[in-house]
Structure formats: structure tokens, C-alpha cells
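I opened my notebook to keep track of what I looked up today. Here is the structure I was reading, followed by my entries.

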Amino acid sequence: MKKIIPIGPYHPLQEEPEFFKLYVDGEKVVDIEIEIGYNHRGVEQLSTTKHYDQVTFLVERICGICSTSHPFAYVNAVEDLLGIDIPTRAKYIRSTIGELERLHSHLLWLGLAGHFIGYNTIWMWSWKYRENVCDILEVISGNRQHYSMFKVGGVRKDIPKEIIPQIEKMCDDLVPVVDMFKGAVMDDPVIHARLKGVGVLTKEDAIKYCVVGPTARASGIDIDVRRDDPYAAYGEVQFNVPVLYNGDVFDKAVIRILEMYESIRIIKQCLDKLKKEPEGNIEVKVDFIPPGEGIGRHEAPRGEVFHYIRSDGSNRPVRHKIRAPSYVNIASNKVAAVGQTISDAAITLASVDPCYCCTERTVAIDVNTKKEILTWNDLIKLSQQKTEWIKKHI
Amino acid sequence: MNMKEKIIDEVKNKLKDKIVDFFRKNDKRYYIEINKQNIIECVKVLFEDFGFRFSTATGIDCENNIEILYHFSYDKTGEIVSLKVKLDKNQPEIESLTKVFSAAEWIEREIWEMVGVNFIGHPNLKHLLLPEDWPEGKYPLREDVI
Amino acid sequence: MGLIKKSLLKSLWVFHLPLSPCNNCDIEILDTLTPRYDLERFGIQLVGSIRHADILLVTGVPNYKNWQKLKYLYEQTPKPCFVVAVGTCACGRGVFKDSFNTPCNVDEIVPVSAYIPGCPPKPEAIIGGIVKLIDTLRKKITTYL
């Protein structure tokens with residue numbers, strides 16, 4: 001008998017409300033319907049009522065986890081429209097902030113993924129180390145999230161020489177931690193059994209759904225805006241783009257762990273350059289924005305952020321289009337989750353890091369009787385029980 | 001560098017007679033205006049023949065018409081080619097791209113509810129971001145409705 | 001009533017309701033549960049069902065798709081229930097005040113007992129806000145008894 005399991009729209013664990021309707025036949029997910037819009041605040045329309053400097057702060061408030069990605073893509077778009085180049089020091093500061101954010105975002109995802117498969121230890125540990133990254137961001141910008149570092153034409157604050165050793169120390173301390181997580185994921189037979197072959201997004205589907213970021217790179221699509229269309233300091237630093245080919249949840253987790261090493265590498269190169277550059281020269285003055293259009297992109301922790309700006313010469317954009325990476329990645333769940341068991345659905349839906357979704361308000365409803373069968377707690381329990389079972393039988 | 005010029009030149013050659021207007025913003029950003037009848041054909045050329053990735057689409061309410069920009073990204077060299085289509089404001093309709101790639105499904109629903117463009121052949125044209133009971137004919141991103 | 005409130009203050013159970021947040025306050029709320037702040041040692045816990053909750057922790061601005069749901073959820077909560085608005089958005093809509101999709105403030109839908117402003121409030125501020133709420137309730141109870 002076909003049953004429906006709605007996941008969402010409310011989930012106390014965190015973040016945006018989204019609504020997944022899983023159609024299940026026994027244990028198997030046969031179809032999935034995704035409903036979004038519980039989080040729509042009309043930013044695109046609001047943006048046309050604010051002037052160019054204010055929009056930086058508005059787009060920062062689209063998402064809290066990747067709160068630098070949207071201003072990053074936005075300033076790229078306006079600078080593309082203007083055709084200006086920013087000072088070298090500002091470029092390196094931008095990249096540093098962008099990579100620090102990637103570190104904290106990937107640690108956050110790793111913790112939540114651990115929680116979903118029943119490894120709460122991973123959750124607590126990775127969030128513990130994430131605090132160190134947040135502290136550094138607070139030292140640099142004055143706020144743990146929403147750093148407000150960017151402006152059109154440069155950055156708002158400098159990174160003074162005195163705090164650079166502090167950032168370097170944090171990076172050095174983080175390497176063994178990432179090593180530990182790598183070991184915990186790569187060597188643990190339970191995680192292998194639990195994540196390998198689960199939620200596979202094939203390369204063909206990935207191309208059809210045009211997914212971006214780690215989701216695409218785990219499916220063998222070699223894209224990274226930082227390398228393909230260099231902006232800020234990314235053209236001047238060395239880094240690798242890890243690509244894996246299985247497209248399952250395991251690969252998505254491994255990709256994120258490998259990316260953390262690359263982020264640390266980029267931050268260190270940026271800091272080395274910042275030490276040599278003279279302080280203070282961090283912005284060019286922009287007083288007039290001519291009519292025209294501009295496109296800016298940034299490789300956020302979840303993939304490509306896309307901003308399109310059209311100006312008519314006034315001090316406000318006439319159109320501001322924003323495309324976040326989760327917008328395309330979440331849609332790909334439609335193929336990744338189908339064919340899985342219910343106990344794998346939670347981690348599959350989570351694996352694209354969809355600015356996460358939907359804990360606890362999950363109820364399974366029998367289509368005929370409208371009676372609740374499963375709550376979200378049960379679903380997590382199911383998922384965690386499966387891990388326990390594998391542990392015993394391995 | 002050769003490679004870069006090559007891909008946009010190849011696109012230009014292939015679309016030759018369909019290009020109404022061509023605008024090069026800089027090395028990485030190109031805007032190509034086409035007629036709305038040719039949209040499926042042009043998109044197929046970009047997506048299937050050249051391997052462009054569909055980034056997103058933007059619907060803009062201009063003074064005299066409604067513009068839709070389909071942004072395609074070429075990830076090997078990092079160009080963005082935007083196909084521009086101008087639609088009649090009184091009856092904005094265009095062929096849906098969902099038969100070419102699935103990624104167009106959500107963005108077309110969004111443009112439909114925000115700007116009011118009808119996508120012909122879309123399998124599931126209903127509200128994406130706004131509630132189901134949103135008043136009909138009230139499009140938030142149209143200039144005249146605020 | 002006095003007994004209920006007295007036992008209530010020993011361990012507040014929290015239901016976290018994101019209306020349409022930017023995730024930031026939500027992360028900071030989760031942060032208070034992780035090792036550095038560890039709110040659970042005070043008996044404060046996130047619960048999965050609204051029917052177990054004493055506190056409704058609201059973040060974000062209400063929009064047309066979910067503002068009714070806030071009302072329904074509030075009605076389903078066993079009373080006494082205290083609504084805490086976390087973040088500038090929940091306190092007064094912040095930058096989203098003029099949007100076409102944000103009809104009203106949280107406190108126009110349900111009564112709010114405590115406001116914790118900030119964008120986002122730091123975990124310390126969230127803990128501080130909850131402590132203030134508990135203090136206020138305790139004083140009220142003493143006068144009641």
C-alpha cells in the first residue's frame with residue numbers, strides 16, 4: 001500500500017522550513033514531492049527598494065550559514081557591471097573570509113550528518129571545533145555570523161597584522177582535527193556500510209538537474225567557480241578541486257572533508273600575502289553606478305551562488321536576481337531519494353546540505369485512515385537503529 | 001585564450017541567423033538576444049551540443065515588454081552566456097524548457113508566479129514560493145503591483 | 001497553577017519554530033546545546049513535539065505561507081506556554097519590514113513573553129534572555145504564593 005510521509009515544514013533542529021512529501025511503498029520511497037516557500041521573504045523585490053550599499057547587508061541576511069557567499073556574489077556582480085578592479089589586499093581579505101566560512105559550514109554539515117546516522121559524538125565534536133572558527137571570525141569582523149565585511153569596491157575592515165598569527169594558529173590546530181574526522185569517516189566500517197551506495201545521484205541526473213558544488217563534484221562533474229572563473233584572489237593561490245565519482249552520500253561527505261584541507265591551504269597562502277602587502281589600501285571609491293547589467297558568482301560551501309544585477313543609472317538596482325545553490329541541489333533529491341528505504345531518506349535528503357531541513361515534524365500518515373504512523377523522531381530512531389544493527393553484525 | 005574565443009565563436013556560428021542582437025560585456029560575459037520561437041532550438045544547441053550548464057533564468061518586467069534571460073555557464077573556461085528573449089507584455093508566453101532539462105522546472109514556476117509569464121508545456125505549473133491562495137493576477141515583481 | 005509553574009521552572013522544554021529565518025539564529029540556538037555552552041545542564045532541552053513544550057522559541061519573520069501555522073502551533077501548546085522571540089526579525093521584522101510577503105510581526109499573532117534582539121544574538125545573549133525570563137517568572141510565582 002502506498003503511504004505518504006510528510007517531512008516538515010517545521011523541524012525544531014534548525015534552519016529553513018521546507019516540506020518533503022515522501023511516497024512510500026512498505027519501506028521503499030517510490031516518489032517524492034518537494035514544497036518550498038515557507039522561507040520566502042521577497043528579498044529580490046526588497047533589494048530594488050534599497051541602494052547599492054544597503055543591498056550588501058540585505059543579501060547577507062538571506063542565509064546565515066553562508067552569510068558571506070551572497071554579498072560575495074553580489075559585489076562581484078556590481079563590479080562586473082562597473083568593470084572595476086579592486087585592490088590586491090581587499091582580494092586576499094575576501095578570499096580569507098570566504099574560506100573561513102567554508103570551514104565552519106562544512107564542520108556544521110559534518111556534525112549534522114553524524115547526528116542523522118546516530119553518531120552524536122561527531123555532532124558534538126565538530127561543533128566544538130567549529131566554535132574556534134567562529135571565534136576567529138569574531139576577532140576579524142566583530143560578529144560570529146553576518147560578518148558585514150564586504151562592500152562594493154573592496155572590504156569594510158582590514159585584517160591587521162597582529163591577528164594574523166592567531167588565524168594561522170587556528171588553521172594549524174584544525175588540521176589534526178580534520179585528520180581525525182577523515183579517519184572517523186574513511187576507516188569506520190559502520191559508516192561505510194551506512195553511507196556507501198546510499199542516495200546515489202548519477203552523473204546523467206546531475207547534469208539534467210544542473211547541480212552545483214560538492215553535490216556535483218561527488219557525482220563526477222568537475223566544476224568549481226573558484227577555479228573556472230577566478231575572482232578575488234582565487235586566481236593567484238594554489239588549490240586542488242577534489243572530485244569523486246560514485247555520487248553517494250559517502251562521497252559527498254568525503255568531498256567536504258577534503259575541501260577543508262584545501263580551504264586551510266588557501267587561507268594560509270592568503271595570510272602570507274597579507275603579511276607582505278601594506279595595510280590600509282582596501283577599497284576603491286565608487287560613486288556612480290552606470291546603466292547596464294552584471295553577473296557575479298561565488299563558490300559557496302554548497303555550490304555556485306549566482307547574482308544578476310541590472311541598473312538604470314539610479315542608486316538602486318532595477319532587478320536583482322538571486323540563485324542560491326540549494327535551489328538546484330534540493331530539486332535533485334527527487335531522483336536521489338527515490339528507491340531508498342525510509343531509514344536512508346533522512347541522510348539522503350540531508351546529503352546535499354540543503355541549508356538543512358525538517359526534523360521532528362515528520363509524521364507518516366496512512367492515506368486511507370489519515371492515522372499517524374511515524375513521527376520524525378521515529379524516523380531518526382529508525383536511522384539510528386540501522387546503524388546499531390550494522391555495528392552488531394559487522 | 002584561444003579556447004575561450006573558440007566556444008563563443010562556435011556558438012555564434014551555430015546560432016548565426018537566429019541571433020537578433022549580440023553584446024559582449026567582457027571576456028566572460030556574453031548576452032545574445034533571440035526570438036522566442038527559437039528558444040528550444042537555441043537552448044538545445046547550448047545545453048546538448050556544447051555542454052553548457054543551465055544556471056538560472058531571470059524574468060524582468062521592463063517598460064514595454066517582459067524580458068527573460070536564460071543564463072548558461074560554460075564551466076571549462078568560465079563564460080556565462082545569457083540568452084535574452086523579449087515577450088509581449090499583454091500576453092507573455094513562452095515554450096517551457098522542462099523537456100530539455102529538469103532544472104528548469106522550479107525556476108519557471110517561480111517566474112510564472114513572480115512576473116506572470118505563462119510557460120507552455122510545463123508539467124506542473126503551480127505556486128512554488130507563494131501560498132496556494134495568493135490572489136490571481138497579482139505578480140510581486142511586476143512594476144505596477146507593489 | 002502555582003505548582004505547575006514551580007515545576008516548570010526546574011526544566012524548561014523548548015520547541016524551536018523557525019518561521020522564515022536566515023538560519024543564523026537557529027544555528028546559534030543549536031550552538032547553545034553544544035559543548036561550549038551546554039544548556040542542557042540547566043534542564044533546558046529542545047523537544048520534538050509541540051505538546052511537550054513549555055517555551056515556543058520563534059525565529060524569523062512570519063510570511064503568508066506560515067503565519068497561520070504559528071497560531072495553530074501556539075494553540076496546540078499546553079498552557080502555560082511562553083513565546084520567546086529570538087533575533088531582530090522575530091522581534092520586529094528588521095530589514096524585511098517592507099517586503100510584500102511579510103504580513104505582520106510575531107507579537108501581532110501570539111503574545112510574546114521575551115524578546116532577544118540581535119542579528120544574530122550571541123549564544124550568551126540567548127542564554128541570558130532565557131535566564132531573565134525564568135527570573136521574572138520566579139518573582140511572579142513568589143508573589144502568587
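**Entry 1: chain B as a whole**

I began with overall size: chain B has a radius of gyration of 16 Å, which agrees with the value near 15 Å that a compact globule of 146 residues would have. The radius is taken over C-alpha atoms, and the globule rule is 2.2 Å times the number of residues to the power 0.38. I also noted the box that the C-alpha atoms of chain B fill, roughly 55 × 30 × 25 Å along the principal axes.

A reminder to myself: this is a predicted model, where local features need pLDDT of at least 70, side-chain atom pairs count only at pLDDT 80 or more, and totals for chains, interfaces and linings use all residues. Residues are numbered from 1 along each chain as its sequence is written, while chains are lettered from A and ligands numbered from 1 in the order in which they are written.

Next I looked up the secondary structure of chain B and found 3 helices and 7 strands. Helices (H or I, at least four residues) and strands (E, at least two) are DSSP runs, numbered from the N terminus. Read from the N terminus on, the elements of chain B go α-β-β-α-β-β-β-β-α-β.

**Entry 2: the sheet**

In which order do the 5 strands of the open sheet of chain B stand? I read E1-E2-E5-E4-E3, with mixed pairing. Two strands pair if DSSP finds at least two bridges between them. E1 (19-26) and E3 of chain B stand at the edges with a single partner strand each, so one side of each has no neighbour in the sheet. The twist averages 20 degrees from one strand to the next.

Then I followed the pairs. E2 (residues 29-34) of chain B runs parallel to E5 (residues 79-88) of chain B, joined by 6 bridges. Here B:Ile32 has B:Leu83 as its bridge partner, and B:Ile34 stands opposite B:Val85. E4 (residues 65-74) of chain B pairs with E5(B) in the antiparallel sense over 10 bridges, and B:His71 is partnered by B:Ser82. The hairpin of E4(B) and E5(B) has 4 residues between the strands, and B:Gly78 in this hairpin takes a positive phi near 85 degrees.

**Entry 3: where chain B touches chain A**

I found 23 residues of chain B in contact with 24 residues of chain A; contact means that C-beta atoms, placed from the backbone, lie within 7 Å. Strand E3 (53-61) and helix H3 (104-114) of chain B each supply at least two residues of that side of chain B. E3(B) gives the most, with 6 residues. The residues on this side of chain B divide into 11 nonpolar, 7 polar and 5 charged. For these classes, Ala, Val, Leu, Ile, Met, Phe, Trp, Tyr, Cys and Pro count as nonpolar, Asp, Glu, Lys and Arg as charged, and the others, Gly among them, as polar.

**Entry 4: two helices of chain A**

My last stop was H5 (residues 120-141) and H6 (residues 164-186) of chain A, whose axes come within 11 Å and cross at roughly 165 degrees. Axes are lines fitted to C-alpha atoms, for helices over the stretch in contact, and angles run from 0 to 180 degrees between N-to-C directions. That makes H5(A) roughly antiparallel to H6(A); angles under 35 degrees count as roughly parallel, over 145 as roughly antiparallel, 65 to 115 as roughly perpendicular and the rest as oblique.

Conventions. Two residues are in contact if their C-beta atoms, placed from the backbone, lie within 7 Å.
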